[in-house]
Amino acid sequence: MHCRELLALADSYLADQLLVETNHAILRHLAECPQCRAEIEDRRRLRDALRGAFQRSATLQPSSEFLAAVGDRTRSIAGRRDAGRSWRAALAIAAALILVATSFALQAWLSARRVAELTRAAAGDHRDCALQFRLSEQPISLEEAARRFDPVYRRFATVNPDAGRVKGPLTVVARHSCVFQGRRFAHIVLSYHDQLVSVLVPVDSPALTSEIRTVDRERVIGFPTGRFTTFVVSAIAAEDLERVADAMRDPLSRALAGA
Amino acid sequence: MKGWTSFEAEALPHADRLFRFAMWLERDRAAAEDLVQETFVQALQSFHRFAPGTNCRAWLLKILRHVRSNRLRARRRSPVVADINDTIADTVPFIPPIPQQLTDEDVLQALAALPEPYQQVIVLCDVEDLTYKEIAMALDVPIGTVMSRLHRGRALLRSQLARAHNAGRRNEHALP
């Protein structure tokens, strides 16, 4: 390294901004060159003098009150900002809860509407198919329904009531698949004390989450059977309808298991 | 107050050195205090942008420089034009030796006589111990500009010191 190169790098050397190799080259040159050594010492002295002058100057030092005030002010701003964030977070949580509650309420309302609609359809099918034979579309056999729509219809062909659960004879009068107002059912017609009872399963509708009891012109009991809903409809006394429903519950569950 | 805790630990310890730099630039205590307060408020608001592990003082100095530039603009004072000062510095003919006796007053007066861009880089490098890269970030200038300003600024500083020293000696000889 020559003196000219060293002088060009002298400030960077003093500021410790050079690579280790360059520092070594400078140190080697300084060991042999008293003029450059003196120049470096001069620059170091000026640098130290500057630093010392700044540190010793009373004018340039902040007061302790000012330093405390900076801390207080920023702390106060941070506190207000965090409080604002807390409020915004609380509002966001409240809004989310309202949204979830509304969603649940809407789902419950839709579910109730669907159940009411299914119940009305089951009662209507019992009236128009089992009692008055006035359906606009003729019923078809369960076998045909199984072929055309869903093999699960075939399973209703062998379901028989559990006679031990009723008082008196409970017999199957008919089995078929019929349509009421566009909704297709698997329909088992029973006779109980000379009155007709319909067991109706809308195969394309999901199961109820709980049992239902409704009374209109016909009594209707609805209960989940596997992934389906079973409706038992008749005008017989409520306790008799409960017995018929109980008589059908297990046989249906067994027949539809795994469907 | 998690953000505040980090801010308190990372940024607030630099308040005294930030004030010293602000005071050097403003030459007025009230103005310097106001500048530093505003710098810390802005730093708090954008503390999420500070990269942990980097030099917080350099980051704060950059904010301070922005705040001061905005204030100067608002007061319709023209911003510092580096090229003009660089041209002045180019006219420095040679680098005189540094006087043997240097008082704090000599050094600070000589520094104050330089154009501000040179004062800034010299203070940030020699007093604040920032690296060239950190100075470049704080002042928003390329690193090459930092190096050339340092070189020319130091040459100007030495000229200024030599001039002041020679004037002092002449005054001494003139005494009866």
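Predicted model: local features only at pLDDT ≥ 70, side-chain atom pairs only at ≥ 80, totals over all residues.
Residues are numbered from 1 along each chain as its sequence is written, chains are lettered from A and ligands numbered from 1 in the order in which they are written, and side-chain values use heavy atoms, with hydrogens and water left out.

**Nonpolar cores**

- B:Phe40 is also among the residues with the most contacts inside the largest nonpolar core, alongside A:Phe54, B:Phe7 and B:Leu111; that core has 65 residues.
- Another core, of 31 residues, lies apart from it, and its members include A:Leu142, A:Ala186, A:Val199 and A:Ile221.
- A nonpolar core is a set of buried Ala, Val, Leu, Ile, Met, Phe, Trp, Tyr and Cys residues joined through side-chain atoms within 4.5 Å.
- Buried means under 20% relative accessible area, exposed means over 50%, and partly exposed is in between (1.4 Å probe, protein chains only).
- In soluble globular proteins, nonpolar side chains tend to be buried together.

**Where chain A meets chain B**

- On chain A, 38 residues are in contact with 42 residues of chain B.
- The two chains bury about 3,700 Å² between them, with 62% of it on carbon and sulfur atoms.
- Buried area is the accessible area (1.4 Å probe) that two parts lose on being put together, summed over both.
- A:Leu46, A:Phe54 and A:Phe66 supply 17% of the area that chain A buries against chain B, more than any other three residues.
- Seven salt bridges are counted between chain A and chain B; a salt bridge is a side-chain nitrogen of Lys or Arg within 4 Å of a carboxyl oxygen of Asp or Glu.
- B:Arg158 forms a salt bridge with A:Glu39, and their closest N and O atoms are 2.6 Å apart.

**Salt bridges all over**

- Over all chains, a search of the whole structure finds 30 salt bridges.
- One of them pairs A:Arg43 with A:Asp11, the closest N and O atoms being 3.3 Å apart.
- A:Arg43 sits in helix H3 (residues 34–56) of chain A and A:Asp11 in helix H1 (residues 3–14) of chain A, so this pair ties together parts that are 32 residues apart in sequence.
- Helices (H or I, at least four residues) and strands (E, at least two) are DSSP runs, numbered from the N terminus.
- A:Arg43 counts as buried at 10% relative accessibility, and A:Asp11 counts as buried at 9%.
- A:Arg43 and A:Asp11 also belong to a network of salt bridges, whose members include A:Glu39, A:Arg47, B:Asp126 and B:Arg158.
- A:Arg165 forms a salt bridge with A:Asp162, the closest N and O atoms being 3.5 Å apart; A:Arg165 is partly exposed at 40% relative accessible area, and A:Asp162 is partly exposed at 31%.

- B:Gln120 lies in helix H7 (residues 116–127) of chain B and is buried, with a relative accessible area of 10%.
- Not counting residues up to four places away in sequence, B:Gln120 touches B:Phe21, B:Leu25, B:Arg68 and B:Leu139.

Notes
Contact = heavy atoms within 4.5 Å.
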